Amino acid sequence: MLSTTRHDTTPSPSLSAVGRALPPHYASQDQLIGALRDLWATKHFNLERLEDLHRNVQVGGRHLALPLEEYPALATFQQRNDAWIRVATDLSETVARQALERAGLTPKDVDHVFFVTVTGIATPSVDARLVNRMGLREDVKRTPIFGLGCVAGAAGLARASDYLRAFPKQTALLIATELCSLTLQREDLSIPNIIASGLFGDGAACVVLRGAEASGATGPRVVGSRSVFYPDTERVMGWDVVDTGFKVVLSAKVPQLVKDHIRGNVDGFLAEHGLTRKDVRHWVAHTGGPKVLEGFESALELEAGALERSWKSLRQVGNLSSASVLFVLGETLEEAGAKPGDWGVVMAMGPGFCAEMVLVRW
Amino acid sequence: MADTVTEAMAEIRRIAREELEFEGAVEPSHDLLRDLHLDSLGLTVLAVGLENRFRVLLSEEDAQGVRTVEDLARLVATRVAARASGSEAGAHP
């Protein structure tokens with residue numbers, strides 16, 4: 001059930017820079033409720049209850065791939081996915097260029113691109129389109145990953161780090177691009193879909209990871225990671241793929257799973273590295289939602305404010321699925337005032353149901 | 001009223017089976033939390049389904065005295081009766 005990657009004796013890759021971008025179209029939660037209210041009224045009687053569900057997720061508004069008024073015309077999966085490919089490719093290029101610039105690198109320095117998403121599909125994948133657009137090298141390796149959902153930000157860091165331990169002179173990009181608004185099933189008026197439409201937003205992030213022997217590598221090191229799979233929880237979260245696209249599966253069991261397991265998972269993971277929770281100064285948690293963040297805080301007995309960056313991100317832009325934890329990671333790298341020797345834990349959960357923890361040292 | 005209780009029971013069974021993926025039997029004496037294993041989302045799905053089917057409002061205060069499937073069905077029947085008699089409790093928002 002547990003899979004830990006320990007690298008006590010192997011050089012650790014570094015997290016050199018994080019790029020983040022949000023689409024330019026913004027809608028406040030009240031604007032979104034106003035746009036959806038007439039739709040809800042075609043089936044539901046108690047609209048105030050639905051508005052409360054939207055407000056209870058504590059999201060102030062979301063950035064959207066398209067202007068709000070363009071969504072009703074997206075009737076088919078093809079229309080939604082075509083829009084996804086167009087916007088996802090643009091946004092991915094933006095964050096990749098931004099991250100490389102912050103790391104002082106160029107597209108030609110990239111040896112491997114990991115691209116994660118769960119909100120659209122493309123073949124050739126978005127990473128392939130970036131090779132052409134950005135002028136990445138012809139021998140660049142590409143690993144597009146679909147289906148990990150919200151955990152893919154943390155899991156992507158872990159998999160890219162695994163790779164760089166084998167190729168310590170190389171540089172990898174992890175790009176997480178999620179356009180959750182383009183998965184919205186307007187005709188699905190179920191409560192899970194209505195909650196999802198209140199919680200999830202659009203955005204992209206890119207992390208530059210560099211092997212331990214890459215010249216000029218800076219930033220905190222990825223010391224180890226652990227994957228945790230929770231058996232027989234397939235209906236907790238995911239998609240039912242229907243004719244019109246991705247229909248959300250969302251259970252209220254997510255916060256309970258966090259409360260039941262994350263403490264033991266984190267303690268076990270840290271113990272493998274001779275650490276306890278008190279040794280961790282920086283907690284980088286996926287912004288799953290208010291109950292998930294409260295679950296992290298209570299289960300891990302975190303000090304007040306320990307997850308403030310996650311709360312702030314949730315309030316400002318909502319849950320960006322796999323990109324969320326990388327947004328919080330970027331804020332942490334740039335603002336936390338971390339000192340050499342500080343420990344940090346990046347953690348996220350997603351469909352499976354599963355969790356991924358990444359141990360970082362400055 | 002008894003007819004509405006029976007109808008509400010049937011609707012609770014339908015929602016449990018079709019929307020909450022609950023595969024077991026749903027009996028009047030079943031505890032919503034303990035026997036049907038409903039969490040906050042499940043309770044919301046159930047409440048919304050009943051509100052839509054019977055065109056009534058179920059409030060947080062209403063839920064205080066509701067523990068079993070039968071309690072819930074009787075609450076729905078009470079709200080339907082109140083609406084029929086023109087009281088505000090069943091009025092559309």
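This is a predicted model: local features need pLDDT of at least 70, side-chain atom pairs count only at pLDDT 80 or more; totals for chains, interfaces and linings use all residues.
Select G350(A) to begin: at 0% relative accessibility, this glycine counts as buried, where buried means under 20% relative accessible area, exposed means over 50%, and partly exposed covers what lies in between, all with a 1.4 Å probe and protein chains only. G350(A) is found in strand β13 of chain A, and strands here are DSSP runs of E with at least two residues, while helices are runs of H or I with at least four, both numbered from the N terminus.

Residues are numbered from 1 along each chain as its sequence is written, chains are lettered from A and ligands numbered from 1 in the order in which they are written, and side-chain values use heavy atoms, with hydrogens and water left out.

**The loop between β13 and β14**

Select G352(A), which has its place in the loop between β13 and β14 of chain A and, at 17% relative accessibility, counts as buried. If V228(A) is displayed too, the C-alpha atoms of G352(A) and V228(A) can be seen 9.6 Å apart, although the two residues are 124 positions apart along the chain. The peptide bond joining G352(A) and F353(A) is cis, with omega about -5 degrees.

Stay with F353(A) and bring in Y230(A): the two form a stacked aromatic pair, 6.3 Å centre to centre with 25 degrees between the planes. Rings of Phe, Tyr and Trp (its six-membered ring) pair if their centres lie within 6.5 Å, and planes under 30 degrees apart count as stacked, over 60 as edge-to-face and the rest as tilted. Both Y230(A) and F353(A) are buried. Why does this pair tie together parts that are 123 residues apart in sequence? Y230(A) lies in the loop between β9 (221-229) and β10 (237-242) of chain A, and F353(A) in the loop between β13 (343-350) and β14 (354-361) of chain A, so the pair bridges that separation.

**Other rings**

The structure holds six aromatic pairs over all chains. Next, show K141(A) with F167(A), where the lysine lies over the face of the ring at 4.2 Å from its centre; a charge sits over a ring if NZ of Lys or CZ of Arg is within 6 Å of the ring centre and within 35 degrees of the ring normal. In chain B, the charged end of R53(B) sits over the ring of F54(B), 4.6 Å from its centre.

**Helices of chain A**

Select residues 77-103 of chain A to display helix α3, which has 27 residues and reaches 37 Å from its first C-alpha to its last, close to the 39 Å expected at 1.5 Å a residue, the expected span being 1.5 Å times one less than the number of residues. G104(A) follows α3(A) and has a positive phi, near 75 degrees.

Then show helix α7 (residues 253-272) with helix α8 (residues 290-299), whose axes come within 8 Å and cross at roughly 20 degrees. The axes are lines fitted to C-alpha atoms, for helices over the stretch in contact, and angles run from 0 to 180 degrees between N-to-C directions. The angle makes α7(A) roughly parallel to α8(A), a label for angles under 35 degrees, with over 145 counting as roughly antiparallel, 65 to 115 as roughly perpendicular and the rest as oblique.

**Backbone details in loops**

Select T123(A) and P124(A), which are joined by a cis peptide bond with omega near 0 degrees; P124(A) has its place in the loop between β5 (112-117) and α4 (126-134) of chain A. Go on to Q58(A), in the loop between α2 (47-56) and β4 (61-64) of chain A, where phi is near 60 degrees, a positive value in a residue other than glycine. At 37% relative accessibility, Q58(A) counts as partly exposed. E301(A), in the loop between α8 and α9 (308-317) of chain A, has a positive phi near 50 degrees and counts as exposed at 53% relative accessibility.
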